[in-house]
Amino acid sequence: MKKTLYFLAGLAMAGAAQAERYTIHYTTSIQTIENSESPTGSFSSATAGDHVISLGDTVTGRFTFDTESQVLQYSDQAATGLAEYGYDQATTSVVQFDKSGYSQASSPGISTVWVFDRKVSTYGNDSVSFNAPTWLDHPGYISVVDLSFVAPFDTLNGLAVPTTGLYGMNGWFQYSYSYFTDEGQTNFIFRGALTSMSLVSAVPEPGTYAMLLAGIGLVAWRRRVLG
């Protein structure tokens, strides 16, 4: 019996060492381009900084997040629940527009993940949103990458980031590029449905490896002592 207990304890330590960091790799094609000053209009191309982005351009990107980095949670069992993850180094993003080679990494410490679990249809759909702002080198400029996954209400089961359930949701990409002048703000919005997506577990941190080895070591030691 003792052998079994020690063996299970060692496995528990090793199991607890499993990485909680994941990375979404995705591709999309720009389907619409709009301007905040004329939201009903559309453009065939627009400029973000010194780079032209056109309809049909392919975009690739990745978003890394930590499922243990929850910073906010609200739950009304009769209506809706929401949770926020991030605001630290646990969430990062990189996006690249393949035609021009234009790419950006999110600014440190401000990317977030939002999970909405709605219980009734009047409160809207369930959704998971990955938000990655970037403060640009030019004063007054900012860009934001949003990945949105949407499903009918009550699809999600709780407020954890659904690391497997994302595949069953509709995924959308949005890139917003804003700049401010004396005349006001101009904001171009580039959107497209995700054309591919994969979710992989990230490499564990060094401390995670240490914990994993400790768990394995405990199993080996107890086997030797107890025969």
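Student: Which residues have the most contacts inside the largest nonpolar core?
Tutor: A nonpolar core is a set of buried Ala, Val, Leu, Ile, Met, Phe, Trp, Tyr and Cys residues joined through side-chain atoms within 4.5 Å; buried means under 20% relative accessible area, with a 1.4 Å probe and protein chains only. In this predicted model, the largest such core has 38 residues, and Ile24, Phe130, Phe149, Phe173 and Tyr175 have the most contacts inside it. Strand β14 (residues 184–201) gives the most to this core, five residues; strands are DSSP runs of E, at least two residues, numbered from the N terminus.
Tutor: A word on sources: this is a predicted model, where local features need pLDDT of at least 70, side-chain atom pairs count only at pLDDT 80 or more, and totals for chains, interfaces and linings use all residues. Residues are numbered from 1 along each chain as its sequence is written, and side-chain values use heavy atoms, leaving out hydrogens and water.

Student: How many aromatic pairs does the structure hold?
Tutor: Rings of Phe, Tyr and Trp (its six-membered ring) pair if their centres lie within 6.5 Å; planes under 30 degrees apart are stacked, over 60 edge-to-face, the rest tilted. Here there are eleven aromatic pairs. Tyr26 and Phe173 have ring centres 6.0 Å apart and planes at 35 degrees, so they are tilted.

Student: Why is the pair of Phe97 and Tyr175 edge-to-face?
Tutor: Because their planes are at 70 degrees, with centres 5.1 Å apart. Phe97 lies in strand β8 and Tyr175 in strand β13, so the pair ties together parts 78 residues apart in sequence.

Note on methods
Buried means under 20% relative accessible area, exposed over 50%, partly exposed in between (1.4 Å probe, protein chains only). Helices (H or I, at least four residues) and strands (E, at least two) are DSSP runs, numbered from the N terminus.
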